Amino acid sequence: MKKKTGNRVLGLALSGLMVFGLTACGNTGGGESSAPQQTKADETTAQGGETSSDEKIVLDVINYHVGTDYAAEYYAYLFEAFQQTEEGKNVEFHFEEIPTTDAFNQKIKLLISSGDLPDIVFNGGNNITELAAKSGKVADLTPYFDADPEWKALFDETSLEFNTVDGKIYGVPVSKEISYIYYNKDLFAQAGIEAPETAYADWDSFFEACDKLKAAGITPVGMDTADSGWLTNLWMSALIGTNGEAGNQWMNSMYPTDFNTPEVVEAAQTVQRMFQEYTTADAVGGKYDPMATHFFNGEVAMFPNGPWMIPDFSETEKAPEGFYDKVGIMLMPGNGMEMVPTPGDMVGASEEEKIKAAVDFLKFETKPENQIKALEMTGLQPVSNDLEIPSALTESDPLMAKVLEIQNQAKVTYGQNQAYWYQNTIDTFSTELPELAYGNITPEEFCDKLSESAKKNQE
């Protein structure tokens, strides 16, 4: 998944069969689980010393859904519940926990180039599917999809195609991604602004609102540059994707190499302006979590993100009590919304029994009832179409119900860089954003650097 709630802290314990052992880790590593129950059974028979039929299948997993991660509780449920099923009763998990998506992505990229991947490879948001597939270290899942038509039917053609490399499916998508704008209703009222019903008609109207907020002493928008520049990526993707047919087509293209188009350059110019006029002083060099804290504390009026953030609004460890009721939702200017398939979870196992066990877990993860549970617990949008959404959701979580409503009102949809760009280009985007923000390079030079980075993948 894309960066959901940014950097995370350590700490999660599961009951029953699940026991996590945590060790502090840096940006490229993590602590391995030390739980003795999560190693293979070593019983032998009295005669011949053969392995017992009770031997467990042990799957190695690097897990970033830990601590205060938006989906930690859901994945705790998922691992334990799977072990209660017929397919999972003989499976154990051996965990290495990495509590940030950035550190996780760096670790996985390192293992793709020089190491062994875990048996289940979660996707941390960046589109590493092609990189992993071409390394030869992940399993071709096409035969498993073909052997189970009912499972395959849960996914639309676009989602499966997104996770296909050279005609073979390597990733199992677990959700669809959308994003839009959260806004603080109290801050809008304080500035004398009436929020639009659905979206500002255009970017000029949006920036008029930003100017009113600024005049009232309120910082208009949240932005960042570190850890892939998630928030800034969402602004820039929207600026490109809502800029006419050419911009929308470009923002829906996989692996672009020419960033020197009028729409992309114009977006870079606007992003530079936003850094210089409309965001917090610590946005340059800033990571997601401190920027989210600004929004929670009422220090920023508008914040781009997706539905996975909604549970945070009610968590008093993150947001003040009652903050949920202060939040409104609108589409991007021009009725635009990011809507992309997600890079899927993959299988790094090489032994047949482990591949099958890993696939069984991924099937369990994407069961319709678990897609609904993921929506309710984490805000992840179901990857399957036409699932029955519980009516109680409108009463229990009106913001999530609003999300489901506004999806149908978006007139323009587009992708974003973590889904569609080469990984090294995403890295370049993040590292060059401070230079753009400070005016050390022009928007044209910024786009030149992105083009140069992207074209290296074709050499």
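Reply: Let us begin with accessibility: a residue is buried under 20% relative accessible area, exposed over 50%, and partly exposed in between (1.4 Å probe, protein chains only). The model is a predicted one, in which local features need pLDDT of at least 70, side-chain atom pairs count only at pLDDT 80 or more, and totals for chains, interfaces and linings use all residues. Residues are numbered from 1 along each chain as its sequence is written, and side-chain values use heavy atoms, with hydrogens and water left out.

Me: Why is Asp 448 called partly exposed?

Reply: Asp 448 has 32% relative accessibility, and therefore counts as partly exposed. Its place is in helix H19, where helices (H or I, at least four residues) and strands (E, at least two) are DSSP runs numbered from the N terminus.

Me: What makes H18 and H19 roughly antiparallel?

Reply: The axes of H18 (residues 423–438) and H19 (residues 443–455) cross at roughly 160° and come within 9 Å. Axes are lines fitted to C-alpha atoms, for helices over the stretch in contact, and angles run from 0 to 180 degrees between N-to-C directions. Angles under 35 degrees count as roughly parallel, over 145 as roughly antiparallel, 65 to 115 as roughly perpendicular and the rest as oblique. The two helices are therefore roughly antiparallel to each other.

Me: Why is Ser 159 called buried?

Reply: Ser 159 has a relative accessible area of 1%, so it is buried. It is found in helix H6 (residues 157–162). Leaving aside neighbours within four places in sequence, Ser 159 is in contact with Pro 173, Lys 176, Pro 341 and Val 383.

Me: What makes Pro 343 buried?

Reply: The relative accessible area of Pro 343 is 3%, and therefore this residue is buried. Pro 343 lies in the loop between strand S11 (336–341) and strand S12 (346–347). Its C-alpha atom and that of Gly 125 are separated by 6.9 Å, although the two residues are 218 apart along the chain.

Me: How do you know that Asp 227 and Ser 228 are buried?

Reply: Asp 227 counts as buried because its relative accessibility is 10%, and Ser 228 because its value is 9%. Asp 227 is in the loop between strand S8 (219–221) and H9, and Ser 228 is found in the loop between S8 and H9. Neither is a glycine, yet phi is positive, at about 50° for Asp 227 and near 80° for Ser 228.

Me: How much of the chain is buried?

Reply: Buried residues make up 59% of the 459 residues in the chain.

Conventions
Contact means heavy atoms within 4.5 Å.
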